[in-house]
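Welcome! Please take a moment with the sequence and the 3D view below before reading on.

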Amino acid sequence: MKRIALFLLTNIAVVAVLGITASLLGVNRFLTANGLNLGALLGFAFIMGFGGAIISLLISKPVAKWSSGVHVIEQPRNADEAWIVDTVRKFADKAGIGMPEVGIYEGEPNAFATGAFKNSALVAVSTGLLQGMTREEVEAVIGHEVAHIANGDMVTMTLIQGVMNTFVVFLSRVIGYAVDSFLRKGDSESSGPGIGYYITTIVMDILLGFVAAIIVAWFSRQREFRADAGAAQLMGRKQPMMNALARLGGMVPGELPKSVQAMGITGGIGKLFSTHPPIEERIAALQNGQH
């Protein structure tokens, strides 16, 4: 709950800083002269940016269960399920967090953690992961996911995404009004935004959205290094996590729903937009004691 409160306070602070900066630079006078209210724009940016991010966070756990077909282990049906639950409980106690829900889903090797609150999260592992790894390696992967929860990564990534969304919404519309004003210079009969505004806003939403995605992905990759180190700390040694990563490097990672991709054990392809660093970099970071 403290992280959610911090999330809201940070969001309000970002909007306040945008408003103050716009006033100091005289952007508010320019916007007013062109028929746009700065307060209304900030409110719109706040709702579109942070509103969407916080809603996504709050519904992340039920959406993950539904989209991945997760079977939540309420009463272990066999020895493997009992071991998974006991392993999650052991790491949760060691990390000082509440016991997460534990689930299994059908699919290729992968695992993820999600949830809005640190003490009521979800850890899910795939059948492919359980079948393709030794117990020690699976234990390391579970430790990685518990470390994500203990580090508050779900809220942190939502916060970063919300900040980026707000900047994208705000800047694209300010630029849109500037372009529209330039194109209609001397046209005293027209009122309200014109076609230049709408086209520019759409283009800037796309372009700035790509930049925002790169920044969010960079933060996500740093979180993966920390979660790897957290797993090593929970297990008391780093070799099992290194072995698990090496094993994953030789597997075909299963696709996760977009809502939980950043909290999985493996990610997609593409340097700038990848939510996970390359496996070899993660192993090297553990070996060198980085992050």
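This is a predicted model: local features need pLDDT of at least 70, side-chain atom pairs count only at pLDDT 80 or more; totals for chains, interfaces and linings use all residues.

Residues are numbered from 1 along each chain as its sequence is written, and side-chain values use heavy atoms, with hydrogens and water left out. Helices (H or I, at least four residues) and strands (E, at least two) are DSSP runs, numbered from the N terminus.

**Helix 3 with helix 8**

- Helix 3 (residues 38-58) packs on helix 8 (residues 153-183) at an angle of about 150°, and their axes lie 8 Å apart; axes are lines fitted to C-alpha atoms over the stretch in contact, and angles run from 0 to 180 degrees between N-to-C directions.
- The two helices are therefore roughly antiparallel, a term for angles over 145 degrees.
- Residues of helix 3 including Phe-44, Met-48 and Leu-57 meet residues of helix 8, among them Leu-159, Val-163 and Arg-173; contact means heavy atoms within 4.5 Å.
- The residues of this contact between helix 3 and helix 8 divide into 18 nonpolar, five polar and one charged (Ala, Val, Leu, Ile, Met, Phe, Trp, Tyr, Cys and Pro count as nonpolar, Asp, Glu, Lys and Arg as charged, and the others, Gly among them, as polar).

**Helix 5 with helix 7**

- Helix 5 (residues 79-95) and helix 7 (residues 135-150) pack at about 45°, with 9 Å between their axes.
- In the contact of helix 5 with helix 7, 11 residues are nonpolar, two polar and four charged.

**Two threonines**

- Thr-87 is found in helix 5, and at 3% relative accessibility Thr-87 counts as buried (under 20% relative accessible area, with a 1.4 Å probe and protein chains only).
- The side chain of Thr-87 reaches the backbone oxygen of Trp-83 at 2.8 Å.
- Not counting residues up to four places away in sequence, Thr-87 touches Glu-139 and Ile-142.
- Thr-114 sits in strand 3 (residues 111-114) and is buried, with a relative accessible area of 3%.

**Helix 10**

- Buried residues of helix 10 (residues 239-249) include Pro-240, Met-241 and Leu-248.
- The buried residues of helix 10 pack against helix 6 (127-132), helix 7, helix 9 (195-235) and helix 11 (279-288).

Technical notes: Angles under 35 degrees count as roughly parallel, over 145 as roughly antiparallel, 65 to 115 as roughly perpendicular and the rest as oblique. Buried means under 20% relative accessible area, exposed over 50%, partly exposed in between (1.4 Å probe, protein chains only). A polar contact is a pair of N or O atoms within 3.5 Å; within protein, one must be able to donate a hydrogen and the other to accept it, and residues adjacent in sequence count only if both atoms are side-chain atoms.
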